Amino acid sequence: MTQPLYALGDIHGQFDMLQKALARIERDGGRDAAVVFTGDLTDRGPNSRQVVEHLITQIAEGKNWTVIKGNHDRMFGWFLQDHPKFDIELPVGLDWLNPRLGGDKTLASYGVKIDETSRYYQVHAAARTAVPAEHLAFLNALPLQYETDDYIFVHAGIRPDVALAAQTERDLLWIREPFLSHSAPREKMIIHGHTALEAPQLYSNRLNLDGGAGYGRPLTPVVIDNKQVFCLGAHGRVLLEQSAL
């Protein structure tokens, strides 16, 4: 019998929610529970710095946690390069600092304030001073995927009918269609976040963990045990039934 595997979707700076979710995981699986985080640690919520700091600290102390990179984590890292880099997946006129994406909230958690008089060069310089090098190194080094015997964890999804080794970083971090509507069986189930729902949803060939914490909805952990998927609620496990596309 394999050990239970726990997973959390997009956190988006919601540190208080993260603490509650981790407490539920520990109650169910103990302090040594294996947990996979599917990225988007930062942005939109108020406490991105605390989220990143907590993950770094707990992993250093020996937690069996695997963290993969989300598109928001990459946007954060790209902004802090010597010359800020902006993601071409974004709509024209929209950038990481826009409140819709939440980079402004992330920088505020590091003490960098932005107002109508701010200029990019000022914000960039302040951010490079305020964000610890350890945090930036952690985000930049996050892997794009994690694979077990039965599951593939990525942030956004995969391009159907393309081998995992041939997937592009752009797809792993940003894809929605044709991934979301692809219902054909796969060799391994894909576990992902990125596309916000009201709660985690299980489909025939994938599991979406993003319950919309970035928009104030609950951050719900799941546990995969003997190929069954359960949400961890306030009163324990609740079997997650398969949904139609």
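Predicted model: local features only at pLDDT ≥ 70, side-chain atom pairs only at ≥ 80, totals over all residues.
Two strands count as paired when DSSP finds at least two bridges between them. With that in hand, β10 and β11 make a hairpin, with 2 residues between them.

- As a reminder, strands in a sheet pair through backbone hydrogen bonds, in either a parallel or an antiparallel way.

- Strand β2 (residues 34–37) pairs with β3 in the parallel sense, over 3 bridges.
- If you want a spot to look at, F37 has V67 of β3 as its bridge partner.

- Over at β11, the pairing with β10 (residues 228–233) is antiparallel and uses 4 bridges.
- L232 finds its bridge partner in β11, namely R237.

**Helix α5 and its two sides**
- In α5 (residues 120–130), the buried residues are V123, H124 and A127.
- Looking down the axis of α5, those buried residues fall within an arc of 100 degrees, so they line one face of the helix.
- The general rule is handy here: an α-helix has 3.6 residues a turn, so residues three or four places apart point the same way.
- What do the buried residues of α5 pack against? They pack against α3 (71–79) and α4 (103–109).
- On the face turned away from the buried side of α5, you'll find the exposed residues Y121 and T129.

**N71, a buried asparagine**
- N71 is part of helix α3.
- Is N71 buried or exposed? Its relative accessibility is 2%, and buried means under 20%, so N71 counts as buried.
- The N71 side chain makes a polar contact with the side chain of H155, at 3.0 Å.
- Leaving aside residues up to four places away in sequence, N71 touches D40, H155, L173, W174 and H194.

Notes:
Residues numbered from 1 in each chain as written. Heavy atoms only, no water. Buried < 20%, exposed > 50% of the residue type's maximum accessible area, 1.4 Å probe, protein only. Arc of directions from axis to C-beta. Contact = heavy atoms within 4.5 Å. Polar contact = N/O pair within 3.5 Å; in protein donor to acceptor, adjacent residues only side chain to side chain.
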